[in-house]
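Here is a short briefing to read alongside the model below. Please keep the structure open as you go through the points.

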Amino acid sequence: MAAQNTATTAAAAADPPGSPTGRQWLALSVLVLSQLAVWLDNTVLNVALKTLADPDEGLNASPNQLQWSISSYTLVFAVLLFTGGVLADRYGHRRLLLTGMLVFGAASVWAAYAGSADELIVARGVMGLGSALIMPATLALIAQVFDERHRATAIAIWSGSSGIAIATGPMLSGALLDHFWWGSVFLVNVPIVVLCTMGSFLYLPGVVTKVRKKLDPLGVLFSTAGLFAVVWGVIEGGHRGDWSGPAVLGSLAGGAVLVIVFVVIELRVSSPGFDVRLFRDVRFTGASVAIMLTFFGVNGSMYYTSFYLQGVHRQTPLECGLSIAPVALGVLLGAPLSARLVRRHGVRSVVTCAMLIATAGFFGYVFLDEHTGLGLFWVFLVLQGLGMGAAIAPTTEAIMSVLPADRTGAGSAVNNSMRQIGGVLGVAVLGSVLAGVYRDEITPKLSDLPAESAAAAEESPEATRLLAQRLSLPRLSDVADQGFVHAMHVAAVVGAAVALVGAAVIWWTFRRPTAPGQAAEQD
């Protein structure tokens, strides 16, 4: 190990200091591919949701089981990122990356062969555990491999890779579903895990931090329990159509109390897993909140986009995956462009404009209906991707710039956990809005059906269409499309409003220029 690190250092010293070495680019490739695997599983399942809901081809998953199949992954991912960052700083970033890859790969195989929706939810949670070990290490290793002259460019490339996942995930999922069973969408992770494992040994530094940071078991316990309770309350409230019930209200209130207790604990312990003191820096807070709200809108809109294309427009999984691809074009344009624009106009102007562009993309769904062509839909997707790509890289760099070198793992965990918390809340909130509004819209139109059939049909648009097919009532299928489109419009307005709040947060928190290093000194 020592010989390999010495050789790496010597090779780096022999190369011209003006540009990154070939070995550095290969290391970045490994880190980007590692992140790509994680982000693939944030998107690959969206196209498969309709198949999973099918009683014959899938697992007969209910709407709340579908939400949990996404949320279990992102929720575990989000809350254990804190611990992943601390473990990476303590035991070595490469070591945690490799451990996470093994857990992620094994859980992917489990998910592929899950025999029920509940088993899939559990397997997805274990995949989230693997991802929580992978992600903090990737960003921290970029900080080790690249100096400050090239770090922003490397982070921009790393951030832009999420756009590749957004495009590749749905298309890959659609192609697999057209030829294989639903579990194949998870097996694609296996060759990626093998490649990243080999590349990690060859190109990533294996230095272990000498500072032994204490673990934070109470912080992990309260953050996990608190976020789980909040998300469960949101999803169940939408599923039941009743937000005043004791179970839902108790879960939301109890979750909020546990999150507050978590914050108090983190303020008092000497080595917190999630250092809430970092939020004393206004820019750190603003950038973190902006990232969270961006992913709230992106993940939430992707949840109902699949149902819109496959349900309302009757697209196949492959057609759906191809139809979603333009969002990646926006991300791939926005991420590298933002770095140049920030040098000219500053983070405040660039990210605020990016969030406003994303807001327009989310709001654009209100102009879509069951007869709208794909051209207008693609415009809104590109706007979403452009805003997302242009916002993520500058905000990520702003977060990392306030961190001391020995806190890069924990800081990376903050960055990624805010993304995942935003994503899981986006699916939970917008999915619940979608389910609740659809139920209110469709229930009065099922009054002529037997009570048992009506109760089953109001569960989701897919259930309504299935009943329409069984009873040979094509008009009922049209009613389901209309009800879903109305529900999607309401969810789109909520998502756009959240993104608009993100733009306002960036505009306010970056209103004063900050000298380099000032933020770090404040901590």
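## A buried glutamine to start

Glutamine 24 has a relative accessible area of 18% and is buried, where buried means under 20% relative accessible area, exposed means over 50%, and partly exposed lies in between (1.4 Å probe, protein chains only). What you see is a predicted model, in which local features need pLDDT of at least 70 and side-chain atom pairs count only at pLDDT 80 or more, while totals for chains, interfaces and linings use all residues. Residues are numbered from 1 along each chain as its sequence is written, and side-chain values use heavy atoms, with hydrogens and water left out.

**Around glutamine 24**

- You will find glutamine 24 in helix H2, which covers residues 22-43; helices (H or I, at least four residues) and strands (E, at least two) are DSSP runs, numbered from the N terminus.
- Apart from its neighbours within four places in sequence, glutamine 24 is in contact with Val145 and Phe146, contact meaning heavy atoms within 4.5 Å.

**The overall picture**

- The protein has 20 helices and 0 strands.
- It has 523 residues, and 57% of them count as buried.
- Among the contacts with a separation of 6 or more, 80% are between residues 24 or more positions apart.

**A nonpolar patch on the surface**

- Val109, Tyr113, Phe180, Trp181, Val190, Val194 and Met198 make up a nonpolar surface patch, together giving about 670 Å² of accessible area.
- Patches are made of residues with over 30% relative accessible area and no salt bridge; like charges are joined within 9 Å, and nonpolar side chains (Val, Leu, Ile, Met, Phe, Trp, Tyr) within 5 Å.
- Helix H9 (residues 189-203) gives the most to this patch, with 3 residues.
- Tryptophan 181 sits in the loop between helix H7 (148-179) and helix H8 (184-187), and at 35% relative accessibility tryptophan 181 counts as partly exposed.

**Salt bridges**

- The count comes to 3 salt bridges, each being a side-chain nitrogen of Lys or Arg within 4 Å of a carboxyl oxygen of Asp or Glu.
- Arginine 314 and aspartate 481 join their side chains in one of them, at 3.2 Å from N to O. Arginine 314 lies in the loop between helix H12 (282-312) and H13, and aspartate 481 in helix H19, so this pair ties together parts that are 167 residues apart in sequence.
- Aspartate 481 is buried, with a relative accessible area of 6%, whereas arginine 314 is partly exposed at 42%.
- Aspartate 481 also forms a salt bridge with arginine 465, with the closest N and O atoms 2.9 Å apart. Arginine 465 is in helix H18 (residues 461-471) and aspartate 481 in helix H19, so this pair ties together parts 16 residues apart in sequence.
- Both arginine 465 and aspartate 481 are buried, and shared partners join Arg314, Arg465 and Asp481 into one network of salt bridges.
- Glutamate 441 and lysine 445 pair through their side chains at 3.6 Å, N to O. Glutamate 441 is partly exposed at 26% relative accessible area, and lysine 445 is partly exposed at 43%.

**Helix H13 and its buried face**

- Pro317, Cys320, Gly321, Ser323 and Ile324 are buried in helix H13 (residues 317-324).
- Looking down the axis of H13, the buried residues fall within an arc of 160°, so they line one face of the helix; the arc is that of the directions from the helix axis to the C-beta atoms.

**Histidine 489**

- Histidine 489 belongs to helix H19 (residues 474-509).
- Leaving aside neighbours within four places in sequence, histidine 489 is in contact with Tyr365, Val366 and Leu368.
- A polar atom of the histidine 489 side chain lies 2.6 Å from the backbone oxygen of leucine 368.
- The C-alpha atoms of histidine 489 and valine 437 are separated by 9.8 Å, and the two are 52 residues apart along the chain.

**Positive phi angles**

- Asparagine 60 is not a glycine, yet has a positive phi of about 55°. Asparagine 60 lies in the loop between helix H3 (49-53) and helix H4 (63-91) and is partly exposed, with a relative accessible area of 49%.

Note on methods
Areas by Shrake-Rupley, 256 points an atom, 1.4 Å probe, with all protein chains shown as cover. Polar contact = N/O pair within 3.5 Å; in protein donor to acceptor, adjacent residues only side chain to side chain.
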